[in-house]
Amino acid sequence: MKESYAITVSLGSGKEIKFDNLSFGETYDFDNEYLNMSIGKNEENDIVVSTKDNFDWIKKIRYRFTLEMRNYSKVIAPDSGRWFLRYMSLIDFWRNSRQFTSNIGDIKIPLFMFLKNDGSVGNAVGVIGNNIETQFIIIEPESNRALNVHTGNIILDIVRGNDKYPIKSSVYSEKVFHYTSNVGESRPWLLVQRDFSDQQRQKYTIKEQYLEKALEPMWCSWVDWDSKDINTEMLLSNIKSGIELGINNFIIDDGWYGNGLDSDYSIDMNIGDWEPDPQKIPDMNLLVARAHDIGARLIIWCAPHAVALKSKAYLENKNYLIADANGEPYLNDPQYYSYCFQSPEGREIMAEICLKLMDKWGFDGAKYDLFNWVPDIECQNPNHNHDTHSMIQGLEKTFARIEEKTKSKKLDYIVELKQNYGTLFNMRYGNLMRAGDAPFDLETNYQRTLHIQSYTPFALNDYQSFTVNDTKEDVACTIIKMLAAGVPAYGVNFSKLSEEIKKVIKYYNSFYKENLETFKNFRIPLNPANTSMLVEGTDKRFVFLLPPINIVDIVGNDVVVFNGSYRDTIIINNTVPTNYNVIVKDCFGNKVNRITIINQLEELNVPIGGSITIEH
């Protein structure tokens, strides 16, 4: 069958204009009494729609993709990267994901990727455009009393804009993305999604903010503590230990201001006033000064939009909250309210909060969080005005205003965002994009961090912790897996760790920092399963072997190979006929062997969690 797409443009006047049977990669010109639409006529092959009536406007655009049904193994559905693992099973996807949306709480990359049986991408379709509210609908295969696949089609809708958040413009431009694998081609989904993101980057001239110190190992006070346990003594103790282990960036997470998000629903919160709890941290300025004295950078957790009923901010700023037509604010699931991102006054309040954290206490950075809890509800508050038709676009304006205020005072301010509301577009306003919460779940953390790697190399692992059940090999393999995807991050109470475990952490943090110039680059999958990963710089190459892979192809370049495979051997396939030396190290970085290899294929004993350095 011929794969194709259709476009339906809905106007504010209620008119709908449909264009059927469009071929991927072809150029078109349409001109009717309501609008003009060109496809592929400019250098970027954009779709450009413009209305003819000066009083009419584009409300939404529906793309309908018709693809051939094939034998696929999995699907990577449009997602922020936090939840895509839930929907990878095709049968579950067809049955349980008939409709889903991209909204302020979870901004999804508008791209469907269907994986072949070898794990590589067979077919992919998407829309390259600005971040706006978007709906995704499965039309075929139908799923009613049974799953109906006899038509042989996959039909998917991507709808840009909606009744609550219309596009509301007389001219609109974006681009269709389509990829089909050639015979013998085996391209990992990470690279196809990176191709998609690169086209976004080019179309919108997006450039991430590189800040070297932001990419150093991170520690956070979240995983191993209840928020009620946050206090000066605990923080300083772990900061001192962390410094000894090669960590310089430390996050003071939720709860520093009072009752945190992990408190029981029966306990009132005061989130929104952003003053330290005097029982936990009596002197925040002194804490920051003491941390600076020993070489630490302090990053403060903040949800600048969050306003609890018991906070002073609720009464002072109620008019700028997301509310109904009577001005009654909407309470979200964690039991607080939210400033409206469509309101310029609301955005200014949030920006002032973020500036205060830096000005008043001298923090080195901020972790902006909890936008994933903003309700997908239209704000109709009569007490403030809106200057954008999209809540997602309002969030971007919020980040832009926060950056403008904070960077005017401190250019090297570290900013951590989370993948639910991050995306390539908002990386313009942050130095790090963190994977969604995945404590004690290394594989989920890895996959989520890889999803970020599709659009930025500045991917931050979620904070990992260790227990008394973890061996030195377990800890080493955990760090290897973090390095394979991004910046290493810890949420562990260092006082509970043995000296042996600390020695492993110190070695890997030291190696990572010494090679930060290489680790700042994109990770490259060497197989469709993402179980062999490469990062390379100007003169260095590192390969990470993850379960169950323990074989590496050498192509004549020097390389360090890390054994995170949980096997005690590595198989070297030397594809260039030359001799080479191999230095074997254990998980502490100690040399345990040195060998000269002359064979094309060689199996070497390598400690689990250790590495080999191959020199030609």
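Among contacts in the chain (heavy atoms within 4.5 Å) between residues at least 6 apart in sequence, 70% join residues at least 24 apart. The structure is a predicted model, in which local features need pLDDT of at least 70 and side-chain atom pairs count only at pLDDT 80 or more, while totals for chains, interfaces and linings use all residues. Residues are numbered from 1 along each chain as its sequence is written, and side-chain values use heavy atoms, with hydrogens and water left out.

The overall form of the chain comes next. Its secondary structure comes to 12 helices and 35 strands; helices (H or I, at least four residues) and strands (E, at least two) are DSSP runs, numbered from the N terminus. The C-alpha atoms fill a box of roughly 75 × 65 × 45 Å along the principal axes. A compact globule of 616 residues would have a radius of gyration near 25 Å, and the chain, with 26 Å, agrees with this. That radius is taken over C-alpha atoms, and the globule rule is 2.2 Å times the number of residues to the power 0.38. Of the 616 residues, 60% are buried. Here buried means under 20% relative accessible area, exposed over 50%, and partly exposed in between (1.4 Å probe, protein chains only).

In soluble globular proteins, nonpolar side chains tend to be buried together. The largest nonpolar core in this model has 142 residues, and Ile252, Trp256, Met284, Phe363 and Tyr368 touch the most other members. Helix 6 (residues 344-361) supplies the largest share of this core, nine residues. Apart from this core lies another, of 39 residues, including Ile7, Val125, Ile138 and Tyr172. A nonpolar core is a set of buried Ala, Val, Leu, Ile, Met, Phe, Trp, Tyr and Cys residues joined through side-chain atoms within 4.5 Å.

The largest pocket has a volume of about 590 Å³ and is lined by 31 residues, with Leu261, Met269, Pro334, Leu370 and Trp373 lying nearest its centre. On a 1 Å grid over the protein atoms alone, a pocket is an open set of points where a 1.4 Å probe fits, with protein on both sides within 12 Å along at least five of seven lines; lining residues have an atom within 4 Å of a point. Grid points are joined across faces, edges and corners, and the volume is the space filled by probe spheres set on the points. The lining has 15 nonpolar, five polar and 11 charged residues. In this count, Ala, Val, Leu, Ile, Met, Phe, Trp, Tyr, Cys and Pro are nonpolar, Asp, Glu, Lys and Arg are charged, and the others, Gly among them, are polar.

Some details of the backbone deserve a look. Most residues other than glycine have a negative phi, and most peptide bonds are trans. The peptide bond from Glu140 to Pro141, however, is cis, with omega near 5°, and Pro141 sits in the loop between strand 11 (134-140) and strand 12 (142-143). Pro547 and Pro548 are also joined by a cis peptide bond, with omega about 0°; Pro548 belongs to the loop between strand 28 (541-545) and strand 29 (551-554). Asn21, which is not a glycine, has a positive phi of about 55°. Asn21 is placed in strand 2 (residues 16-23) and counts as exposed because its relative accessibility is 63%. Lys168 has a positive phi too, near 50°, and is found in the loop between strand 14 (153-160) and strand 15 (171-180). With 38% relative accessibility, Lys168 counts as partly exposed.

Leu424, in helix 8 (residues 423-426), is buried, with a relative accessible area of 2%. Leu424 and Arg201 are 223 residues apart along the chain, yet their C-alpha atoms are separated by 7.7 Å. Not counting residues up to four places away in sequence, Leu424 touches Ser197, Gln200, Arg201, Ile206, Glu208 and Tyr455. Lys213 lies in the loop between helix 2 (189-204) and strand 16 (218-220) and is buried, with a relative accessible area of 17%.
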